[in-house]
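Here's a quick briefing to read with the model open beside you.

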Amino acid sequence: MISGGRSLVSSPPAFSNDAKKLLICHGNTVSIFSTSTGLQITELEGHKALVTSVIVVPASTPASKILCYCWTASLDGSIRYWDFSVPELMKMIDIQLPIFSMVIPSLFSQPVESDEKTRDLFAYVSIGVNKQDKQPNTSRGQIRKCNLTKSCLAGGVTLAETQEPEFITICLFGKYFGIRDKRKLRIWHVPEKDSERIEIKKMRLHHTKTLTILAFHPTKRIVAAGDVSGRILVWRGFGNRALSLSNRLKNGRLMTYEDERPGVRGDDDADSCTTWHWHSSEVKLLLFSSDGAYLYSGGKEGVLVIWQLDTGKKKFLPRIGSPLLFFINSPDPSLSSISCADNQIHLMKMPSMEILKSIAGIKLPCSVPEICKNSFSGFVFDCAAGLVAVCAENYCIQFYSLFDDREISQVQICERNHQPGDELTVILTLAALSLDGCVMSTVETRLPEEGIGGLVSLKFWMCGSQIKDFSLSTIIYEPHRDSGVSAIAFHPTRRMSVSTSYGGDFKIWVGNQDIQQKDKMLQKTRWTCHAVGSYKKKPMTAAAFSADGSVLAVAAETVITLWDPEMNVLVAVIGDSLECHTVQFCNLFPIHFENISNGLPKGDDHQPSSDQFMELFDGFEAVT
Amino acid sequence: MGSSNIRDLLTSFSPSLDFFAISSGDGRIKIWDTVKGQIQTEFADIVSTGGTNLFGKPEKGHLSVDYSCMKWLSLDKKKKRKLGSSLLVLGTGCGDVLALDISAGQLKWKVNDCHPGAGADGIVCKLDSMTGNLLGKFRASAKAISSMSVSSDGKILATAAAQLKVFNCSDHTKIQKFSGHPGSVRCMVFTNDGKYILSSAISERYVALWKLDGGKKQSACCVLAMDHPAVFLDSRCVDAADVDASGLYVLAISEMGICYFWYGKNIEELRNAKSTKLSLSLDDQFSKRQKIPTIFAAKLQGTAKLASAHIFLAYGLVIKPSFEKVIVHSGSDVKLNSSTVGSFYPSVSLANLKKGQFHITKCFLCCLACVSQVGSRIQMLVEVIGYLPNQNTNQWLRCVEVIVSALDRANAEDAILPIPKVLDFHHQKKKHQNSSIVTAEVMTDDVANSKRVAQAKEEKAFICYEAWSHGHIKPNEMEEAGHRPICMEDRLRTLGILDNKDDLTSDSVFDSMKLRGINIEANNMPQKKMRAAILSMVPSDAYKLLEVLISRWQSRSHSGKYVLPWICCILVNHGDYVISQEPVTQLLDSLHKLTKSKSTAIQSLLQLSGRLQLITAQIDKAVQNEGQTYLDDHDRLPARPRSVAEQMKPAQAAEGGPSEDGTKGSNLPHQEGRNRKLRRSHVSLDNRSDRKSVASSKRRVSPSRTLSNVNLSARPSMPRETEKADLRDKLNN
C-alpha cells in the first residue's frame, strides 16, 4: 500500500533563513521545497503522526544564515530537532502528549550578552490532555512549558487550560505569545531570562464575539485579532499595567489614562482599540508585515486584504481562488507564501503581490449539496496511468498521480469562474473515465433557481496524450429529459458508454470518428446516442459493463437488468426487492458477470487492479 | 532558438524520468516536466549566480557559457523517486565542470579548469559528486577523449577517442582496448550488466557492440546498421534467468531524429536483427522553412515482454518537446503523431484577413464560430487563431482548434429501441422444479396480460418482463437462460394467443404450397386462362387457395383488384365443394362479412366520387359559359375530371379497403380522406424503418384513440407502444 496526497496546509509552513527553502508540514513528514523552482528537495521523516509545528532556528548573525536547523512538533508527542540541509535528526524529546502547537520564544529574542554560557531553552506547547470525565476521546487543551535542554515538561507549570487545544501565536521577537480563548485573548509576556519556575506575566483582552486568530506587531505593543463576524480589532499599547511596564510606571500615572481609552472594553489593559470590518465571514489569516506598517488579513473570500496600520486604508489581492489559511513572511522581504484551503501554497513576490510558484497538493473533494447526493464519491481512477481524478471545488477535475504523489493536470469542466463563498449554481455531479483513460465523461447539474432553469448536461472529453489534456468532444444537454443522470459506465474496450437516469431509462452512447477534410486533417470523435432502454419505467440507479463488454448490467431500483449493449436486447432480469433495496448496493456493483448472477453483491468485488487504489485512497481521505 | 540539428543538442532525462534537461548550445538549460509537459525551470547564466551573493540579481551573460556535455546523476540509488538526490552535471567548453541541484534550483558545486582545453589532454578526472572535490586523475589516452562511460556497478571505466579503452576504476589499469572506429566516438554506453560496450563514431552509420571478456580479440562482435550516424545510444540486457523477456535490447537515435530499436535473444540473434524504427509522421503543414520535428531523446525504460520494450521519448520541436511512453515491439515500426501545439504555421491563411489587421502588435485572438444545424444536431466549429507580432515572418500561431458537437433534448432519435424478448418459461420450469410456483405465477400473469392485449386492446396492457427469484438460479444456468431468448411472437403463438392461421399469410408457405405457380399479380390475365387454371385443380386444392386468397385480401397483402377475380372464379367453378365445406369452416360467412365491410367503406368513397363528378360537371358548365376563345382547352377539360374519377377507383382498390377506419369514418368522408393522406405521409417518412414503426405511426394519427396524441417527450414509453401496436397489428390480421 502506498500513501500520498497529504495536506500541505494543515499547519503554517516556515522559510529557511536564506529564504531559498520552504518547510511544509506534510502529514507525518516535513517536506522541504525550493522557493526558486517549487520542487521538493528533501523531507524530514521520523514523526509518527501529523506534524503540527515547524520552527526554523533563526540566524542571529549574517554568517549563520546558512545554518539549517529546525524544531518540529507533532501529534505523536515528540519534539524533534533537525539539521534539514543534510537532512539529519539531531535530537528528540518525547513528552508523550499530543502537541498541537509549539513556540520557542527565546530563539527569536535578541541575543543578550549573557554571562551564563548555557541557558535552558524553553518551548511553550499547546497540548491535548484527555478529559477525566465521560468522553475519553475529546481532549482539553493545555498550554505547558517544556524544557528543551533537559528534554522534559517543566513540572507543574500550566499556563492555561482551554476547551480545545489552541494555536499559539508568538510575536516576531519572542517577547509575547498568546492564544485566543473563546471571546478573549490571553497574552503572556516572556521573561527575559527564562527559567523553569519563573513567574510569567499574563493578561487578557475581551471582545463580544468569538475570536478566531490573533497577531502581534513585530516591534510595537500592538495586537490584532479577528473574529467570526469578519471584524478585525487592533489593540494598541496593550499590557501597560499587567505586563512589562507595571514595574516601572507608578500607579497614579496609570489611573489618569483610564478615562481616555477609546474602544477598550472594561478594564482591559490597552490604550485603544480600533475595529475594522471588511470581511463578510470569519477572519482566518492575520499577520503584520515584518516592518509593522501593514496588516494582512484573509478569510473565506479568497481575497488578501492589506491594511495600512496607521490609516486603515485597504489594498486587495483578489482572485486567489480559494479560502486563505496562512500567510508567512520570509527573511527575504520580497518573498512570502500564502496557504490556501485547496491544498495549495503560493509563493508570492512581495511588493507586487504576484504569484511566482505554486506548490499544489491533491484537491479536497468538494462538498455537494444534499439534493445532488448520489452514488458518486467524487473521484475516479485511471488505472492505466495510475492517476486519480478528483472533482475539485472550482469546477475542475484534478488528475493526481498516485505513484509520483503530485498533480498532473487540471481540466476545467464548466465555463464558470469560481469564487470561494459564492452560492453554488452548477455542480459537477458525476465523472467517469474509460479503462484506457482516454475518454472522460462528466455530468454537471445547474441547480434550478426558484424551481426553474435546472439543466443537466453530459459531456464527453477526449485526450490523446499522457498529460491528460482533455478537450471537449461532445456536449449533450438534458441527456435524459428532465431527470438527473445517476451513473455513467464505459465499455472496457470500445468507444461506448452508458448513462442511466432516475427518470427510468438508460442510453448507450457511442463515439463515431468524424473526419473533416478542410485544408486540415481533423479527426474528432463525436458521441451519439446508440440505443435507449428502459425497464418498467423504474429509476435506473447504476450501470456496469462486463469485463468483456458483452453484457451491460443496469440496476433498475430493485432488480438488475442485463442487456446486450450492441443490439439493445434485454437478456435477463435478476434480483428481488428484498436484497437490493438501496443505492448502496449499486456502488458495490460487481464487474464480473458471475458475481452479479451470484446474487451476492454485498462483498467487496473490486477488480484486483483497483483494489490497491481503493486502499490507497482511504489513506488519502484519512489525511486530507 | 537553438539549432534544429539534434547533433548539437545536449539532452538528459532525470533518473526517475520526471524531468528532462535540454540545452541547445546557447548556454541555457531548460528543465521540462515530463509528466505535465510543461517547462519547469530555465537556467541561464548559472556561473555568476550562487556563491555569497544571496539575493543578488543574476547578470545576463548566458552566451558566455558553452556547455559541451551533460549528464544527470542519481546520488542515492535507494530513493529513486526523490528528486533531491540527483544532480545535473555539466561540462563546459573551457574545461569547467559544474553540478546543478535541479530541485533546489541552484549551483551545487563548480570545478574551475578541471580539464584545461576541454579534455584535449586525454586526462580522466575523478570527482566527488557531493562536493566536486577532485579525487584523482590519470592520463587515459594520448589523444583527446571524445566519449566516456562508466559501467553501472562503477567498477569499469571506458574512454574513447578513436580507440576504445577499458580501465579498472580502482587502480586505473587498462583491461582491454578495442580499435575499429576510424573517427572519434560520439557516443558510448555500457550494457547494464557490464558485459558489452556499445559505441558509435561520428559519420559512421552503424552501432558497434564490443564484448568485454578481457580477451585479445579486438574486433566488434556485432554491428547494427543505421541509415544515419547515431547520436544517442541506450541498451538493456536482461538476464537469461528472466525467461520472459531475456535478451539484448538496443536503442539508438540517428542524426535525423529517428529512433532505432533492436532486439536479440543473444549476440548471434542480435547480429541478424532487423531494426525497428520509431519516427514522427510529418504533416504537410510544415513547409520547408520550418524546423522538422524530431525525436531527440529516448530512454529504454524497461521490457514489457519478449522482444518489446517501453521507451520513453522526447520528441517534437526543441522549443516545445512532447513526452510519451511507447511500447515498441521488435519488427513493427512506430509512427508518432507530432503535436502541432506551439509550432509555427506558415502564412497560408494570411489571405483570409484584411490588411488593416496587421497593425495590431499584441497577440489577438480571432474566434470564428460557425454553427450549422443538421436536424436537431448542432455542430459547432470553433477555431481560434492567434496572431504573432512578428511582422517580418508573418507567421500564424494556431492556438486552439476545437470542434465540439452538441446534442439537445432530442438526442436519441436514431437510437435503437429495445427488441422485446422474454424468456422461455416452459424451459425454465422443467429445469427448476423448486421454483415452479413462481414461474407458474409469472406465466399466468403473462397470459393474462397478453389476452388483454388481444381482446380489449387496453392501454395499460404490455408484455411484462418477469423473472424468477434469482436465489434459485445458479450462475451457469443463468447464463444459459440468458443466451436463449425467445421471440415474442413465438411465445404468443405457443400460448395460443396468436392465430396459427397467420402462417398461411407468410410468403414462403403461400408461394410454395398453395399457389402452385399461379401468379396472382399478373395484370392482364384473361378470364379463360384463369378458368382453365382453376378447373385443373382438385376441388380441395381450390378450396385451400380460396382460403389463402381471402386471408390475403383481409390482410391487405394483395389488393382486391387481383384477388377478387380469382375468388370469383373459384366460387363459380368449385361452388359445390365450397358449399359442402361451409358448415365446417364458415369460410363463405367470413367472406360475406368481409365484402360487406369493404362495401360500406367503398360506399362513402362512391358518394365522394359522385359529389366530385357533380362539382366537375358544374365547373365544366361554368367554363363553357365563359366563351369560345379557349375552345381547345374546353375540349380537354371535361375529360380530366372523368379520368381523375376513374383513376380513383383503382387507387382505392389498391389501398385494399380500410378495414376499421373506414367503417368508423363513414359519416365523415373528408376527414377520412385526410386521415389516409396523413397516414400515407407517415409511411413515406418512415419508409426506412420496418413494419413496426409504420404501425406505430399509424397509431399516432388514428383519431379514434386517446393515445393518438402520443407525446413525443414520453420517449421511454415508446418501445412499449411500438410493441403494442405491433401486437395489435398482428391480431387485427
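Glu423(A) sits in the loop between β32 (406-412) and β33 (426-433) of chain A; strands are DSSP runs of E, at least two residues, and helices are runs of H or I, at least four, numbered from the N terminus. This is a predicted model, where local features need pLDDT of at least 70, side-chain atom pairs count only at pLDDT 80 or more, and totals for chains, interfaces and linings use all residues. Residues are numbered from 1 along each chain as its sequence is written, chains are lettered from A and ligands numbered from 1 in the order written, and side-chain values use heavy atoms, leaving out hydrogens and water.

**The loop residue**
- Glu423(A) counts as exposed because its relative accessibility is 71% (exposed is over 50%, buried under 20%, partly exposed in between, with a 1.4 Å probe and protein chains only).

**The strand residue**
- Ser272(A) belongs to strand β20 (residues 272-277) of chain A.
- With 15% relative accessibility, Ser272(A) counts as buried.
- Beyond its neighbours within four places in sequence, Ser272(A) is in contact (heavy atoms within 4.5 Å) with Val234(A), Trp235(A), Arg236(A), Pro262(A) and Val264(A).

**Chain B totals**
- Chain B has 18 helices and 31 strands.
- Buried residues make up 42% of its 733 residues.
- Take the contacts in chain B between residues at least 6 apart in sequence: 47% of them join residues at least 24 apart.
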